[in-house]
Amino acid sequence: MGLVFGVWKHWNEYYPTLLFWIIGNLLYNTLLYHYRVWEFVPVGIDHFFLPTHTVVSVAISFIIYPFVIRVFLGRFPKTLFKKACWIMVWALIFQIVETIAYIKHSMAHHYGWSLGWSFIFNIVTFTLLPIHKWKPWVAWLLSSLFIIFLWLIFLPPIPK
């Protein structure tokens, strides 16, 4: 999909936002290593190529995210209504993929996390990405506030 629909000629415009997304994912995996609220569980043949949650997550960050960011930001609409619809479409795409993974037991939820929380997380993520492209400091501020909100709800232990 990213090869066909992605906007490749402006990759350097999306690169900082891609790094923002990857950093967020890597921070989640590092800070909550022992208290993951969602976790990839390799099943079947996946064990050979993607044997652990960490390997799956890194592969998603460095293989999937670059393609998604080029399609998502490269075709981002101009009008507010279309922007909201575009964000919702991508949140739903990610939600459908996660729901299938959850049903097939290749994703697990812990400590009160649910598909509902994932959908909220997806909406916030796809809202923050274009904000980051526009004003990075605003996206960092809003993402920090959202992280604090999630931290207060799920109460993970402070990493040692």
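Trainee: Which residues in α6 do I87, M88, W90 and the others in α5 meet?
Mentor: In this predicted model, the axes of α5 (residues 80–103) and α6 (residues 115–134) come within 9 Å and cross at roughly 145°. The α5 side of the contact includes A91, L92, F94, Q95, E98, T99 and Y102. Those α5 residues meet L115, S118, F119, N122, I123, F126 and T127.

Trainee: How do the residues of the contact of α5 with α6 divide into nonpolar, polar and charged?
Mentor: The crossing of α5 and α6 is right-handed. The residues of this contact divide into 11 nonpolar, 5 polar and 1 charged.

Trainee: Which element gives the most residues to the largest nonpolar core?
Mentor: That core has 18 residues, and W21, I69, F72, W90, F126 and L129 have the most contacts inside it. Two or more residues come from each of α2 (11–31), α4 (53–74), α5 and α6. The top contributor, with 6 residues, is α4.

Trainee: How many residues apart in sequence are the parts tied together by F20 and W140?
Mentor: F20 and W140 form an edge-to-face aromatic pair, 4.8 Å centre to centre with 85° between the planes. F20 is buried at 9% relative accessible area, whereas W140 is partly exposed at 37%. Because F20 lies in helix α2 and W140 in helix α7 (residues 136–154), the parts tied together are apart in sequence by 120 residues.

Trainee: Is W21 buried or exposed?
Mentor: W21 in helix α2 pairs with F94 in helix α5, 73 residues apart. F94 has a relative accessible area of 22% and is partly exposed. Buried means under 20%, and W21 has 8% relative accessibility, so W21 counts as buried.

Methods:
Residues numbered from 1 in each chain as written. Predicted model: local features only at pLDDT ≥ 70, side-chain atom pairs only at ≥ 80, totals over all residues. Heavy atoms only, no water. Axes fitted to C-alpha atoms, helices over the stretch in contact; angles between N-to-C directions. Helix = DSSP H or I, 4+ residues; strand = E, 2+ residues; numbered from the N terminus. Left-handed = near helix turned anticlockwise from the far one by under 90°. Contact = heavy atoms within 4.5 Å. Nonpolar A, V, L, I, M, F, W, Y, C, P; charged D, E, K, R; others polar. Core = buried A, V, L, I, M, F, W, Y, C linked by side-chain atoms within 4.5 Å. Buried < 20%, exposed > 50% of the residue type's maximum accessible area, 1.4 Å probe, protein only. Phe/Tyr/Trp six-rings, centres within 6.5 Å; stacked < 30°, edge-to-face > 60°.
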